[in-house]
Amino acid sequence: MQEELNQFERNKVWELVQRPTHQNVIGTKWVFRNKMNEEGSVVRNKARLVAKGYCQEEGIDFDETFAPVARLEAIRMFHAYAAHKNFIVYQMDVKSAFLNGLLEEEVYVEQPPGFEQKTLGDDVYKLKKALYGLKQAPRAWYDRLSSFLLQNGFIRGKVDTTLFVFEKGQDCLLVQIYVDDIIFGATNDSLCKKFSKLMQGEFEMSMMGELNFFLGLQIKQCQEGIYISQSKYTKELLKKFGIEEGRTVSTPMATNVKIDKDEKGKTVDESKYRGMIGSLLYLTASRPDILHAVCLCARFQSNPKESHMSAVKRIFRYLKGTIQYGLFYPKNENFSLKGYSDSDYAGNVDDRKSTSGSCQFLGDCLVSWFSKKQNCVSLSTAEAEYISAAFCCTQLLWMKQTLADYKCSFENVPIFCDNISAINIAQNPVHHNRI
């Protein structure tokens with residue numbers, strides 16, 4: 001706790017002033033946690049002083065709170081590009097990152113519990129910089145970091161604003177930001193060393209070396225390529241929900257099973273069911289093989305039945321036998337962009353809506369995928385397939401524009417579809433004048 005307050009003094013986060021009479025004063029509290037590595041071992045005991053942000057009033061204590069966060073597809077694209085260019089991805093962590101963000105509003109907080117300074121009056125702290133827990137803290141930190149990088153010659157991504165690129169001759173340095181976690185890599189390793197010194201000169205950083213654990217993803221970099229998995233997280237899920245014992249199955253869901261509302265079935269614990277679905281949805285970050293089954297079960301989070309719980313437990317039994325499964329991004333010259341789309345027709349038993357599915361590749365690297373029930377009822381298989389292809393097209397356009405910041409250009413990006421009618425409709429669109 002004293003170490004945290006010493007950090008406040010070094011960063012000049014606040015100053016002690018008299019309690020204002022016509023200003024909201026936000027309370028503070030201590031939060032304690034154990035920081036672990038990818039093996040589950042405790043590496044640090046952390047005490048964090050946070051503000052009670054739920055007491056803030058909009059328009060008085062804060063205005064704009066939006067801060068961009070990298071999408072998981074962007075993280076996977078970063079690793080696919082690293083495998084293609086055959087460079088090492090490094091990681092660094094900013095110590096007390098939010099304490100570096102400059103505040104535009106006038107904000108007061110109570111003195112930290114247990115460390116009150118005895119003064120004549122009831123004094124409080126006036127913040128100069130952001131504090132953890134404030135609603136505008138992530139935005140203030142992003143503004144500070146992005147301004148620093150732009151001032152030092154970096155170019156911000158036009159589509160993904162959490163991506164920053166530094167070019168020097170034929171070499172380039174890529175920096176991807178996820179709040180206070182930073183991953184970076186360069187085609188010339190000397191650029192990585194210069195970037196590390198640059199950041200450590202401005203912020204208090206902990207250089208963590210080669211990237212091996214990021215956002216719950218276990219990342220192994222080897223000579224053949226990059227392997228991404230969530231085996232540690234999978235083991236924790238099986239232990240959490242008591243499915244460590246029992247037999248395994250070869251598929252997450254039987255192909256001939258049609259899940260419906262099952263209104264006559266026996267109701268199960270809704271909170272437990274939702275917890276299992278939420279945990280599985282995060283696991284789909286590296287396990288596209290379970291996405292379709294999880295999304296089908298996720299449709300019944302309101303008033304789930306025993307049949308739905310059985311389907312979810314089958315997914316867990318499948319995971320028990322495939323704990324080590326993950327994504328492998330090989331190092332090769334192929335870096336073409338392509339997509340695959342498919343759809344079932346009226347697959348939902350209750351409302352007869354179809355389900356769209358697609359995946360996108362960069363060379364041999366699977367970087368994006370989704371499975372989603374369509375918003376409207378399709379009248380034919382061609383219509384269902386065409387809607388699915390349209391979803392795939394929007395994702396490919398986003399990827400194409402994002403990869404332009406990597407200096408990668410693609411023309412005539414193919415979408416593979418197995419429905420001849422949908423292909424013909426896409427090749428010969430009919431444009432109607434607005435009436």
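Reader: In what sense do strand β17 and β20 pair, and over how many bridges?

Author: Keep in mind that this is a predicted model. Strand β17 covers residues 337-343. The pairing of β17 with β20 is parallel, over two bridges.

Reader: Which strands stand at the edges of that sheet?

Author: The sheet is open and has four strands with mixed pairing, in the order β19-β18-β17-β20. An edge strand here has a single partner strand, so one side of it is left without a neighbour in the sheet.

Reader: Is α6 roughly parallel or roughly antiparallel to α7?

Author: Take helix α6 (residues 270-283) and helix α7 (residues 291-298): their axes are 10 Å apart and the packing angle is about 150°. Angles over 145 degrees count as roughly antiparallel. That is why α6 relative to α7 is roughly antiparallel.

Reader: How many nonpolar residues does the contact of α6 with α7 have?

Author: The crossing of α6 past α7 is left-handed. From α6 come Tyr273, Ile277, Leu280 and Leu281, and they meet Val294, Cys297 and Ala298 in α7. Sorted by class, this contact has no polar and no charged residues, and its nonpolar count is seven.

Reader: Now α2 and α9: how does α2 lie relative to α9?

Author: Helix α2 (residues 72-85) packs against helix α9 (residues 381-403) with the axes 12 Å apart, at an angle of about 55°. With that angle, α2 is therefore described relative to α9 as oblique.

Reader: How many charged residues are in the contact of α2 with α9?

Author: Here α2 passes α9 in a right-handed crossing. Glu73, Ala74 and Met77 on the α2 side meet Gln395, Trp398, Met399, Thr402 and Leu403 in α9. By class, that contact has five nonpolar and two polar residues, and the charged count is one.

Reader: Moving on, how many of the residues of strand β14 are buried?

Author: Strand β14 spans residues 217-221, five residues in total. Buried means under 20% relative accessible area. β14 is largely enclosed by the rest of the structure because the number of its residues that are buried is four.

Reader: Which residue takes a positive phi in the hairpin of β13 and β14?

Author: Strand β13 (residues 213-214) pairs with β14 in the antiparallel sense over two bridges, and Phe213 stands opposite Gln218 in β14. The hairpin has two residues between the strands. The positive phi, near 55°, belongs to Leu215.

Reader: And on to β15: which residue there is the bridge partner of Lys220?

Author: β14 and strand β15 (residues 225-229) run antiparallel and are joined by four bridges. They form a hairpin with three residues between them. Lys220 has as its bridge partner in β15 Tyr227.

Reader: Last one: in β6, what is the bridge partner of Ile26?

Author: There's another open sheet of four strands, with mixed pairing and the order β1-β7-β6-β2. Its edge strands are β1 (14-18) and β2 (25-26). β2 runs parallel to strand β6 (residues 108-109), with two bridges joining them. In β6, the partner of Ile26 is Val109.

Methods. Residues numbered from 1 in each chain as written. Predicted model: local features only at pLDDT ≥ 70, side-chain atom pairs only at ≥ 80, totals over all residues. Heavy atoms only, no water. Axes fitted to C-alpha atoms, helices over the stretch in contact; angles between N-to-C directions. Parallel < 35°, antiparallel > 145°, perpendicular 65-115°, else oblique. Left-handed = near helix turned anticlockwise from the far one by under 90°. Contact = heavy atoms within 4.5 Å. Nonpolar A, V, L, I, M, F, W, Y, C, P; charged D, E, K, R; others polar. Pairing = 2+ DSSP bridges. Buried < 20%, exposed > 50% of the residue type's maximum accessible area, 1.4 Å probe, protein only.
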